[in-house]
Structure formats: C-alpha cells, structure tokens
Amino acid sequence: MRVFVAGASGAIGTRLVEQLVGQGHEVIGTYRSPGNTRRIAALGAQPVSLDLLDAVAVRKAVLAAEPEAIVHEATALANARFTRNLDRSFKETNRLRIDGTDALLAAAREAGVHRFVAQSFASMRHAREGGPIKTEDDPLDPAPIRGTRESSAAMRHLDEAVTAAGGIALRYGGFYGADNDGLVYPVRKRQFPIVGDGGGYFSFVHLDDAAAATVLALEHDGPAIYNIVDDEPAPVHEWLPVLADILGAEPPRRVPVWLARLFAGGPAVMMGTDSRAASNAKAKRDLGWTLRYPSWRQGFAATYARQAETTPAPRASLARG
Ligand SMILES: NC(=O)c1ccc[n+]([C@@H]2O[C@H](COP(=O)([O-])OP(=O)(O)OC[C@H]3O[C@@H](n4cnc5c(N)ncnc54)[C@H](OP(=O)(O)O)[C@@H]3O)[C@@H](O)[C@H]2O)c1
C-alpha cells in the first residue's frame, strides 16, 4: 500500500514508518523541522516537508503523493511547556487536531483516498463517574475542567471528523519508549508528585505497540474508534513509585490536593486523583492486535534499563506548573 504519513519524524511517526517499510509498504513521510529530511529517508520513506496548518500545501502534497492511505500523527509537543493551563501547552497541537485534520480529510476526499487513520488520545477524557476503565462507547466528559476545555474539544473534533469521513481514530495511551519520554526527567527529579490519594488512572502504551496497532488499523475499514492502550490501566499511586524505582529515583513526593491545586492547578489535580483510563478489548478483538509489552511494568523496565543514565532535556513539571 502507498501510505502518506503526516508527522513521520515524530516519536510515533518514526516507529510507524519503520514498521510500514519493514512490511513492504511504500511510505511518503512528512516533517516540519528542516533537519528531519535525512531521518525520514534513512527509515526508507520519501521525505516531504509540510506544514499541516497550510491547507493549500496539504492539498498539493497529498495530490502529488497519490496515496492509498493517510495517517495523521502530527502533534507539536516536543517543545511544549506544561503549565497549569494545559490548553496553552496544547495550543499548536489543538490546531493540528482541528485544522490539520480538516485539511488532510479534504485532501483525502479530493484524491479519492478511503483509508484514513488519525492520532487521538485515550486517558483523562471520560466523564468522571463510574469505574476507572472506559471503553470507546463510554461518554466523554461533558464538562471538562478549566484549562483542558480547548484540548478536549480538539480531540473530540478529530474523533468525530475522522469517523464521519469513514476513517479510524486511534486513542493512544501515554507513549513511552523514546529518548524524549516526557515523564523521565520529572520523575527522576521528584517533580511529579502523588496528589492526594493518587487515584487518577492512566493508560500507557509502548511506541512499538502503538505503531503495530496503527499498521493493523490501516488494513481495516472504518469508521471506528479504538483505544490503543496496554492491558493494565493503573492509578498514579501504583505506577509512579514503580517508574521512580526503575529510574533509580527517590520515591515520589506526596502532595495534598489543596497544595497541588494552588501550585499546579486544576488539571494536575484531576489527572492525579480523578482521571479515567481505557480498555483495549475492542482493538485486540477487531484488529487482532497483540502487545509486545502488555503492561507498563515490563515496558518501563525494558525501556529504561536500556536508557540507563541518559536524562532528556528538562521539561516543566506538574509540580512547578
Ligand atoms: N499519546 C501520547 O502520550 C503522546 C502523543 C504525542 C506526543 N507525545 C509525546 O510528546 C513528545 C514530543 O512528541 P514528538 O517527539 O512526536 O514531537 P512533536 O513535536 O509532537 O512532533 C510530532 C510530529 O508532528 C510534526 N509536526 C509538528 N508540527 C507540525 C506542523 N505544523 N505541520 C506538520 N507536521 C508537524 C513533527 O515534525 P518535526 O519533528 O519535523 O517538527 C513530527 O513529525 C514525545 O515525548 C512524545 O512521546 C505523547
């Protein structure tokens, strides 16, 4: 299949291109930062420079590539500073999820591309009621808290626009497995605390497993939404001490809710105490997806034992807001 991967130079994009090329697909991979041409070519794809927020350029690139399938993996999180207002940190990514998705869908329509798969997110989006683990059919939060509303709306837009066009939205868990994993630095520095009872649930997925699910999704008809997460959604009080231990860090600090709200803001408190995570039953059943790392327990150990002492560039932590 001839596949157009938007965001091919990113954390998930590079893994995806590698797997697609390995399975004999022809890949056109887009990037935004000038230095990434060679990176994409080295993976065996045809590199194309593209700003997804330029709809005219998107149309031109897609029509020229004549793909049979399009995958949207573009986000803008590499240099994002995570402040108490998540919407501010996700501003550019939200535009990529709304305007970037719309531009790609319009181009796909015009080029007669019927397979369309796009990146969405699984955790922290569901109505904060009932059990901690949600399926694709469970309702999303009808009233996201302040500081997350624009991001929630952008993810909802992507899910709805893609499925309305007959495509597949993949709600990935929190990625790990790359050199720039966002949790490593704050956990090593004890800047990621357990807030309150630490009862907020997270879903994770190793990047290789996420890429494998994406390749499978390309072989299936939509419309559909799949949670691409591992088998073990877990509360912060469970996974965070394990990750700290694997990284050789001191145990995480504990912070009362009122203090976290004051210094880190409402979104950090919600994530730490009240967020829901996701079930992967549908993706395993419908896509025939099997995971190399069914749990973050093995995945974190395998990943960070290898990365040993390499500490990525500092990122703002939840605690510092
Ligand atoms: N589910 C999750 O947990 C999740 C999801 C996404 C990202 N992340 C994390 O966030 C961190 C950063 O992610 P990342 O390394 O993939 O970098 P990123 O900055 O999020 O970039 C992702 C991809 O989107 C492209 N891109 C950015 N702006 C674009 C635009 N305006 N038009 C077209 N393409 C654009 C990038 O191109 P260039 O690289 O060439 O600029 C890259 O190919 C990583 O730690 C990653 O794991 C996590």
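This briefing walks through some features of the structure shown above, topic by topic. The structure is a predicted model.

**Aromatic rings**

- The structure holds 10 aromatic pairs. One of them joins Tyr176 and Phe204 in an edge-to-face arrangement, with 6.5 Å from centre to centre and 80 degrees between the planes.
- Tyr176 belongs to strand 8 (residues 174–176) and Phe204 to strand 11 (residues 204–206), so this pair ties together parts that are 28 residues apart in sequence. Both Tyr176 and Phe204 are buried.
- Tyr176 also pairs edge-to-face with Phe300, at 4.9 Å centre to centre and with 75 degrees between the planes.
- Phe300 sits in helix 13 (residues 296–307) while Tyr176 is in strand 8, so here the parts tied together are 124 residues apart in sequence. Like Tyr176, Phe300 is buried.

- As general background, nonpolar side chains tend to be buried together in soluble globular proteins.

- Val205 is found in strand 11. With a relative accessible area of 0%, Val205 counts as buried.
- Val205 and Phe175 are 30 residues apart in sequence, and their C-alpha atoms are 5.4 Å apart in space.
- Beyond its neighbours within four places in sequence, Val205 is in contact with residues including Tyr176, Ile228, Asp230 and Trp289.
- Asn227 lies in strand 12. Its relative accessible area is 0%, so Asn227 is buried as well.
- The side chain of Asn227 reaches the backbone oxygen of Ser279 at 3.0 Å. A polar atom of that side chain also lies 3.4 Å from the backbone oxygen of Lys134.
- Among the residues that Asn227 touches, not counting those up to four places away in sequence, are Ala122, Glu136, Arg171, Ala278 and Trp289.

- Tyr201 is part of strand 10 (residues 201–202).
- Val187 is 14 residues from Tyr201 in sequence, and the two are 17 Å apart in space, C-alpha to C-alpha.
- Apart from neighbours within four places in sequence, Tyr201 is in contact with Pro132, Pro233, Ala234, Pro235, Ser275, Arg276 and Ala277.

**Around the ligand**

- Which of the 26 residues around the ligand come nearest? They are Ser9, Ala11, Ser33, Asn36 and Thr75.
- An oxygen atom of the ligand lies 2.8 Å from a backbone N or O atom of Arg32.
- Leu77 has a polar backbone atom 2.9 Å from an oxygen atom of the ligand, and Asn180 has a polar backbone atom 2.9 Å from a ligand oxygen atom too.

**Backbone details in the loops**

- Gly222 and Pro223 are joined by a cis peptide bond, with omega about 0 degrees. Pro223 is in the loop between helix 8 and strand 12.
- Glu66 is not a glycine, yet has a positive phi of about 50 degrees. Glu66 is placed in the loop between helix 3 (55–65) and strand 4.
- Is Glu66 buried or exposed? Its relative accessible area is 60%, so Glu66 is exposed.
- Arg190, a residue other than glycine, also has a positive phi, near 60 degrees. Its place is in the loop between helix 7 (184–188) and strand 9 (194–195).
- Arg190 is partly exposed, with a relative accessible area of 26%.

Technical notes:
Residues are numbered from 1 along each chain as its sequence is written. This is a predicted model: local features need pLDDT of at least 70, side-chain atom pairs count only at pLDDT 80 or more; totals for chains, interfaces and linings use all residues. Side-chain values use heavy atoms; hydrogens and water are left out. Rings of Phe, Tyr and Trp (its six-membered ring) pair if their centres lie within 6.5 Å; planes under 30 degrees apart count as stacked, over 60 as edge-to-face and the rest as tilted. Helices (H or I, at least four residues) and strands (E, at least two) are DSSP runs, numbered from the N terminus. Buried means under 20% relative accessible area, exposed over 50%, partly exposed in between (1.4 Å probe, protein chains only). Contact means heavy atoms within 4.5 Å. A residue is near a molecule or strand if one of its heavy atoms lies within 4 Å of it. A polar contact is a pair of N or O atoms within 3.5 Å; within protein, one must be able to donate a hydrogen and the other to accept it, and residues adjacent in sequence count only if both atoms are side-chain atoms.
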